[in-house]
Amino acid sequence: MNGQQAQQIEKEARMSPNSDKLTEMYDMQSKLDQRIIAERGIAKTVDEWVVGLTIAMESEIDEIRREVSWKWWKNPKPIDQEALQAEVIDLWHFLLSLSHVVGLSPDDIHRIYMEKNAENHARQSGTSKKDGYAAESSSV
């Protein structure tokens, strides 16, 4: 990818419109969380929610990993795409809950993601102001 292409991607990342689908998912998850909290009488601090949700996410990541052949010492197994996708969606449930707990709205998620995505592209193209990402010429 040349510098001009990278700049175009960075520009598009900054200008991309918010998605109503993210808001719909966020709202649905918030309703599910409120139902679970009410029906189970859960009372947690922000700290407890963050710890609990990140542990749940770690568990989901482990379940995702179990759906693929990562053990080099075993014969590979076919990937069950439907099961793999279901585990990724389980992770999304907890990520949306965590986003709500830490005060990120769908607009915040979108805005901060777009800013960080543009910064990540800038890092790859060597135009970031952050140390350690300056473009280096390769002598291949």
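Me: Why is Arg-111 called partly exposed?
Reply: Arg-111 has a relative accessibility of 41%. Buried means under 20% relative accessible area and exposed over 50%, with partly exposed in between (1.4 Å probe, protein chains only), so Arg-111 counts as partly exposed. A word on the background: this is a predicted model, where local features need pLDDT of at least 70, side-chain atom pairs count only at pLDDT 80 or more, and totals for chains, interfaces and linings use all residues. Residues are numbered from 1 along each chain as its sequence is written, and side-chain values use heavy atoms, leaving out hydrogens and water.

Me: What makes Arg-111 and Asp-108 a salt bridge?
Reply: The closest N and O atoms of Arg-111 and Asp-108 are 3.4 Å apart. A salt bridge needs a side-chain nitrogen of Lys or Arg within 4 Å of a carboxyl oxygen of Asp or Glu, so Arg-111 and Asp-108 qualify. Arg-111 also forms a salt bridge with Glu-115, at 3.7 Å between the closest N and O atoms. By this rule the count comes to six salt bridges.

Me: How are Arg-111 and Glu-115 placed along helix H5?
Reply: They are four residues apart in helix H5, and therefore separated by about one helical turn. Helices here are DSSP runs (H or I, at least four residues), numbered from the N terminus. Glu-115 counts as partly exposed because its relative accessibility is 48%.

Me: How do you know that Arg-66 is exposed?
Reply: Arg-66 has 55% relative accessibility, so it counts as exposed. Its salt-bridge partner Asp-62, with the closest N and O atoms 2.7 Å apart, counts as partly exposed at 26%. Both residues lie in helix H3, four residues apart.

Me: Why is Gln-29 called buried?
Reply: At 7% relative accessibility, Gln-29 counts as buried. Gln-29 is found in helix H2 (residues 20-40). Leaving aside neighbours within four places in sequence, Gln-29 is in contact (heavy atoms within 4.5 Å) with His-93, Leu-96 and Ser-97.

Me: Why are H3 and H4 called roughly antiparallel?
Reply: The axes of H3 (residues 46-66) and H4 (residues 81-101) come within 9 Å and cross at roughly 165°. Axes are lines fitted to C-alpha atoms, for helices over the stretch in contact, and angles run from 0 to 180 degrees between N-to-C directions. Angles under 35 degrees count as roughly parallel, over 145 as roughly antiparallel, 65 to 115 as roughly perpendicular and the rest as oblique; H3 and H4 are therefore roughly antiparallel to each other.

Terms used. Helix = DSSP H or I, 4+ residues; strand = E, 2+ residues; numbered from the N terminus.
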